Amino acid sequence: MANEKIPYKIYLSEEEMPRDWYNVRADMKTKPAPLLNPGTGEPMRFEDLQPVFCDELIRQELDNDNRNIPIPQEIRDFYKMYRPSPLVRAYCLEEKLQTPAKIYYKFEGNNTSGSHKLNSAIAQAYYAKKQGLKGVTTETGAGQWGTALSMACAYLDLDCKVYMVKVSYEQKPFRREVMRTYGASVTPSPSMETEIGKKILAEHPGTTGSLGCAISEAVEVATGTEGYRYVLGSVLNQVLLHQSVIGLEAKAAMDKYGIVPDVIIGCAGGGSNLGGLISPFMGEKLRGEKDYRFIAVEPASCPSFTRGRFAYDFCDTGMVCPLAKMYTLGSGFIPSANHAGGLRYHGMSSTLSQLYHDGYMEATSVEQTKVFEAAEQFARVEGILPAPESSHAIRVAIDEALKCKETGEEKTILFGLTGTGYFDMVAYEKFHNGEMTDYVPTDAELEESFAKLPKVNE
Ligand SMILES: *Cc1c(COP(=O)(O)O)cnc(C)c1O
């Protein structure tokens with residue numbers, strides 16, 4: 001059996017780690033639509049973005065042409081503290097499911113932030129430092145991004161101000177303390193520290209916040225403080241670029257053993273881990289070299305791909321950021337307090353949105369009780385305690401494997417296991433006590449939100 005030659009974990013050596021990030025936009029025939037200036041409706045130029053973002057990151061954001069972007073040595077050195085990450089053959093899960101499918105997962109949870117977010121955090125902090133900035137501001141939902149950025153800023157001696165969505169701030173006090181351990185300041189959002197925070201609180205007293213609100217606050221502080229810029233942990237093209245390290249490593253590990261995935265699955269919040277995982281495979285598909293199925297999995301409570309509109313929208317609730325063309329639920333959409341905090345963003349990467357729109361990938365949504373069932377099943381056989389976000393991908397990987405059991409097909413499934421769930425035990429507790437509900441927005445609620453989409457002449 002060829003299977004027996006494949007180890008449980010395929011590790012690359014440090015030398016085999018990628019030297020370049022891969023920019024999937026270079027291979028897209030229809031490029032993602034440009035960011036627009038909300039005032040003029042014109043595409044944002046380098047100069048327009050300079051008050052908000054670091055210079056080198058703007059270059060990466062706007063670069064639709066260069067296929068390979070070298071990873072600076074300093075970033076590679078940092079990556080070596082926790083990369084390459086293992087590609088695991090889920091032999092135990094296959095056995096448990098009695099499926100002929102071969103299941104692999106790329107595990108990104110082996111670092112203190114507990115997720116893949118560190119891959120982009122270190123890159124963004126590095127370019128901020130190189131530009132001579134004092135610090136960066138950002139938002140965080142569940143806390144993984146804030147933690148990752150705090151770690152990267154501590155390493156490079158940069159100041160880090162985090163606006164944390166209030167509901168998470170209250171549910172996850174230990175996340176906050178991890179960030180403070182790494183020297184970050186953490187403010188619950190919406191706050192009274194910013195003009196936009198005050199405005200949102202006046203309009204929605206008692207709101208538990210959203211990523212969209214926290215982004216507005218972080219951008220306001222960055223643009224109003226000398227030597228600061230704003231950084232974002234998902235959605236943007238530059239973040240997908242940095243996360244391509246996930247897919248490049250996964251592909252290198254699979255190539256070593258001649259493994260070719262049939263279907264590649266990832267959870268989708270803003271699209272960065274999924275985009276990073278699929279990028280090199282998508283490149284082959286776009287160039288007509290190979291074919292793969294790609295599946296984005298999102299929560300039924302925040303279904304941007306499956307029920308959203310493909311339209312220009314604000315990236316934040318305060319409407320201070322540029323407009324992005326993406327699958328969106330509307331920047332005013334505040335999802336119910338589901339437990340996959342990292343998947344609660346109203347929009348989606350414009351790169352993935354374009355690929356989805358052009359039929360290169362699929363999307364599906366799942367309810368959270370089903371997600372936690374999969375999480376528990378996975379934990380019991382594979383040992384790892386998965387993050388609720390990651391468990392969306394597990395759910396669909398298991399469902400695909402069960403379909404193979406019915407049809408007898410020996411498909412090869414690859415999914416992204418983005419992180420660990422140690423800070424999500426309140427959610428696991430609700431699940432175990434049978435107190436978890438599956439809130440799904442109604443069409444009327446979504447229509448109300450769509451009605452507020454900005455009018456843009458394209
Ligand atoms: C943030 C996060 C996600 C979702 O973000 P993407 O940008 O869509 O990848 C998924 N899993 C974990 C563990 C996260 O922290």
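Predicted model: local features only at pLDDT ≥ 70, side-chain atom pairs only at ≥ 80, totals over all residues.
Ile384 is located in the loop that runs between helix H15 (368–382) and helix H16 (388–407). Despite this loop position, Ile384 counts as buried, because its relative accessibility of 17% falls under the 20% cut-off. When neighbours within four places in sequence are left aside, the residues in contact with Ile384 are Tyr105, Phe107, Phe378, Ala379, Leu417 and Thr420.

Across the whole structure, the search for aromatic pairs returns 17 of them. One of these is formed by Tyr126 and Tyr127, whose rings are arranged edge-to-face, with 5.1 Å from centre to centre and 70° between the planes; Tyr126 is buried at a relative accessible area of 11%, and Tyr127 is likewise buried, at 7%. An edge-to-face pair is also formed by Phe372 and Tyr428, with a centre to centre distance of 5.1 Å and an angle of 80° between the planes. This pair links distant parts of the chain, since Phe372 belongs to helix H15 and Tyr428 to helix H17 (residues 425–432), 56 residues apart. Phe372 is buried, with a relative accessible area of 3%, and Tyr428 counts as buried at a relative accessibility of 3%.

A contact between a charge and a ring involves Arg176, which is placed over the face of Tyr169 at 4.8 Å from the ring centre.

Conventions:
Residues numbered from 1 in each chain as written. Heavy atoms only, no water. Helix = DSSP H or I, 4+ residues; strand = E, 2+ residues; numbered from the N terminus. Buried < 20%, exposed > 50% of the residue type's maximum accessible area, 1.4 Å probe, protein only. Contact = heavy atoms within 4.5 Å. Phe/Tyr/Trp six-rings, centres within 6.5 Å; stacked < 30°, edge-to-face > 60°. Lys NZ or Arg CZ within 6 Å of the ring centre and 35° of its normal.
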